[in-house]
Amino acid sequence: MKDLIKLANLPISDEQAKSLESAFSETLEVFKNLTDLDISQTEPTNQVTGQENVLREDKIDEDRMLTQSQALQSAKHTHEGFFVVPRLIDEK
Amino acid sequence: MTNQKYQLVCGMEVHAELKTNSKMFCGCKNDPFHAEKPNIYTCPVCLGLPGALPVANKQAIEWTIKLGLALGCKINLFSKFDRKHYFYPDLPKGYQISQYDLPFCYDGKIETELGTVRIHRIHLEEDTGKLLHKTVNGEQVSLIDFNRSSVPLIEIVTEPDITTAAHAAAYGKQLRKILQYLDIANCDMEQGGMRLEANVSLRPVGETELPNYKTEIKNINSFRFLEQAIDFEIDRQAELLANNQIVSQETRGWNSVKQVTYSQRSKEDAEDYRYFPDPDIPPIRFTEEQIAAIRETIPELPSAIATRWQQEYGIEPNMIEQIIVNTTVSRQYDKLFTNAKNEGISVASLLKNILSKKVPSPLEAGAEQTLLQFKELQKTDVVDDTQLIAIVNKVLTENPDISAKYFSGQKQVIGFVMGQILRELPKKSDPAQVREAIITQLEATK
Amino acid sequence: MKNNLHKLTLKKALAQIQSGETTAKKIYADCFSQIEAGNKDLNVFLSTNSPTSMKQFENPETTLQNCPIAVKDNICIENEVTTAASTVLEDYKPAYSATLIDNLKLHGGAVIGKTNLDAWAHGSSTETSQFGRTLNPRNPKYLPGGSSGGSAAAVAADMCTAAIGTETAGSIRQPASWCGVVGLKPTYGRVSRYGVIAMASSTDSPGPITKTVEDAAIMLACLAGHDSKDGTTTNQAVPDYVSLLQKSISGLKIGIMYQDIPGLKIANPYVLAAAKVLESLGAKVELVNALDPKYAVSVYTIVQRAEVSSNLARFDGIRFGNDRSYFGDEARRRILLGTHTLRKGYAEKYYQVAQKTRTLFIEDFSRLFSSYDVLISPTSPSFAEPIGASEDSVMFGELADMLLEPSSIAGLPGISVPCFHDEKTNLYLGLNIMAPAWREDLVLQVAHAYEINTDWNSWRKDNND
């Protein structure tokens, strides 16, 4: 569960994690019923629309572009046009 | 540097930003390097605002296919985009739209002067925002600019065919040349328009199995650093292996000041990206006809032009290197060379003069002017015979031993005489005319 | 009907504005009075736009002529607070509006306020809202359903002339059923999702919640359409739903689903009764066999929670909103489970199995629709549940929507219309009517025929229809 919490990037305390565990396993139990069905010949459905090749032309869309102040309007921490986060130590 | 005991096993991953007008999944301007301010080329989509949805840039996809075809790759006629999940402040959605198991292109190759390198796959994805580390009001912070977010990024992954650091650099350079030649990417390495990553491991010389580990060297932005970093890694790993130590599976960076690679992150547990097909983007299906149409747009590639020019005109490869910049330029030179050949002019000589700036290039002056000026340069002045004979005799008189040397068989003294005479004559004298005059006079004194 | 203007159906309101009998301004003001009277107790709206804030009321050339419309608060409106009922977004003002809002305004809809929902649309009760639960206006001891509980309640309480909700699996139809109103879930791709805060990207379908079926037809015509900003919307033209409404249902073949599923003892008899009504109107009705919907619960829970975990990854507090510590319990549960089903080593067992099983449901509906024009079932196994019902249940939402999940994961259209009214509790049961993709016209026809030939609709008497 600890690894999962980290993977999901959720700030959850160990106590809270414990209380979530039973709900977690209960839900996983429900999924067992899927083994009843034969899907050996079935393809997955990722897209119910059946559409393909929905693409856009390489044009600049001025209407949708935001001004700098619009882009920053909802951020709690900004500085000279940038978004701000505490210094990251781990370089990607 | 080659190690005697161990052999380099190296593959590369290169990311290049495509020079489309707009971004990969939205219509924002694709020009992060020249943006005057941060966060001015964003919209709800590339900023990852709630409710925003991606729509793929057709040009970026076609250019990816174009590169794949140019590198001899197979094309997946049915393809899709997948979500690649990880958390980082420069990744606004918390996932990057990329390609997982059905990349657009696979199984190709690049030829370099140091050997072939096979291409494993080429896929298309979106770039992240950019981070700047600063101190603001006494606090250490990272500043984020999303102008670059969602710029189309092409990723080229090779098989581990690279055998030396120089080979890696040759590969990178050739790839960049092709990208620029196809006019799909600028590959400005200093700005990060092209980023290099090398996976480095060693195995005992003679063994054929792949090593069970690999070290990833990331964020290298020059070919020089690439070579240095790989050479450093070879030595570092060789020493560890020789002492029966394990080389950790990790990510390392290159410190160009200290000239060392350094550990950045352990890769013992490879990241779990939880890929799944992006439900917001319907899949892509090409027909053979569409692929053929893209293939038609590929110009004659640098390597093909170079071979052709070498064979037809006998030009040295290092001179060709300097002028194969892009399709427009090479076409101009092609025209020039054809005209030159028709007029019986030595193309090699012509090019030499262009490169040493004695004659303007056809880009500046046009093929006609270039040829004209070259011919001017080659023109020689005809020297008045009487004047010439007078000077020849003067030099022969001043150097009495010449005649004797000449008749005793040392014909090369003519060269010395030539030099003396030419100094006295106007610059563009015809050496053949002078030579004839000297011999005539000498024979006359017999 | 002067100060009962709030009771007008959309159709009637438009007719009265057109004839000069009343004005949009008066209707808006009257609905707003309803809000002022009842919102404190019922907690239907999270934010409202008072009549004085409205810049103009005359919009005679438009379809909706400035009638007041309630909008679920997971739909973005530029520079107006949009919270998705979560404290993560408590002060968030989007820099853009959803396409469906642009469409709504183009057609003259006036947004009277943003309605409460289960936070992030996670649920079927509106109890997971981080701003308090909404109560069922029919009987405040009961829940309105969810996740579009606020929108359904707004319609039931006459706090608006019509409303907009979203359905991922059941979130329009189920609250419509519990509140005794009409809820239409369009085909996936019929209405643009651009600007709708995503829950499950592959099933989210915005749609109208209204007093009558005809009102739903009017609303759908305004909201539907292709959007170049949403790659999953269809290019197909929008039919004239309103005129198609009056078509006779005689000769239509109707299949009755789920009569053999346990746990539906309360609702199933009323579906049979409804089938008899449809038969009397000339339709042919038959029981049909279908894939057990309990499998759809597994499929839907896995796929939805996986997509939820992905769609909520962007909420990190950096560019907008608060950080991830503000997520409520239900959101956390879903993010964790969703992340788990996509993990290395588990994705094959869960996510991929679910997506394959999804295909089985699509094939099952194909099979059924090759023999039947329309399918019916109960919307919900029973009446609205009492307050607190969702609290101890781990999968409350997904279990409550079991009967609706098959059509949702297949992307099909469906409508819920009231099919029974319990006079003691004042609560309702809903009839779910489904059709093949893009056949909202069929769904509306059958629903309309049923509505005008029965007495379950609480507005028909007042509106003299």
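Okay, β7 (residues 253-256) of chain C: it pairs with β8(C) in the parallel sense, over four bridges. By "pair" I mean DSSP finds at least two bridges between the two strands. Helices (H or I, at least four residues) and strands (E, at least two) are DSSP runs, numbered from the N terminus. In that pairing, Lys253(C) stands opposite Lys284(C) of β8(C).

Before I go on, this is a predicted model: local features need pLDDT of at least 70, side-chain atom pairs count only at pLDDT 80 or more, and totals for chains, interfaces and linings use all residues. Residues are numbered from 1 along each chain as its sequence is written, with chains lettered from A and ligands numbered from 1 in the order in which they are written.

So where does that strand pair sit? In chain C there's an open sheet of eleven strands with mixed pairing, in the order β1-β3-β2-β4-β6-β5-β10-β11-β9-β7-β8. β1 (45-48) and β8 (284-287) of chain C are at the edges with a single partner strand each, so one side of each has no neighbour in the sheet. From one strand to the next, the twist averages 25°.

Now the helices on chain C. Helix α8 (residues 268-280) lies across β7, β8, β9 (374-378), β10 (414-422) and β11 (427-434), running at about 145° to β9(C). Axes here are lines fitted to C-alpha atoms, for helices over the stretch in contact, and angles run from 0 to 180 degrees between N-to-C directions. Helix α4 (residues 149-156) of chain C runs at about 155° to β4(C).

Over to chain B. The axes of α10 (residues 385-398) and α12 (residues 413-424) come within 10 Å and cross at roughly 130°. That makes α10(B) oblique to α12(B); angles under 35 degrees count as roughly parallel, over 145 as roughly antiparallel, 65 to 115 as roughly perpendicular and the rest as oblique. Ile391(B), Val392(B) and Val395(B) of α10(B) make the contact with Val417(B), Gln420(B), Ile421(B) and Glu424(B) of α12(B). Contact means C-beta atoms, placed from the backbone, within 7 Å.

How many residues does each chain put into the contact? Chain B gives 44 residues and chain A gives 34 residues. On the chain B side, β10(B) gives the most, with six residues. There's also a strand pairing between the chains: β1 (residues 55-56) of chain A and β2(B) run parallel over two bridges, and Arg56(A) stands opposite Asn57(B) there.

Terms used: Two residues are in contact if their C-beta atoms, placed from the backbone, lie within 7 Å.
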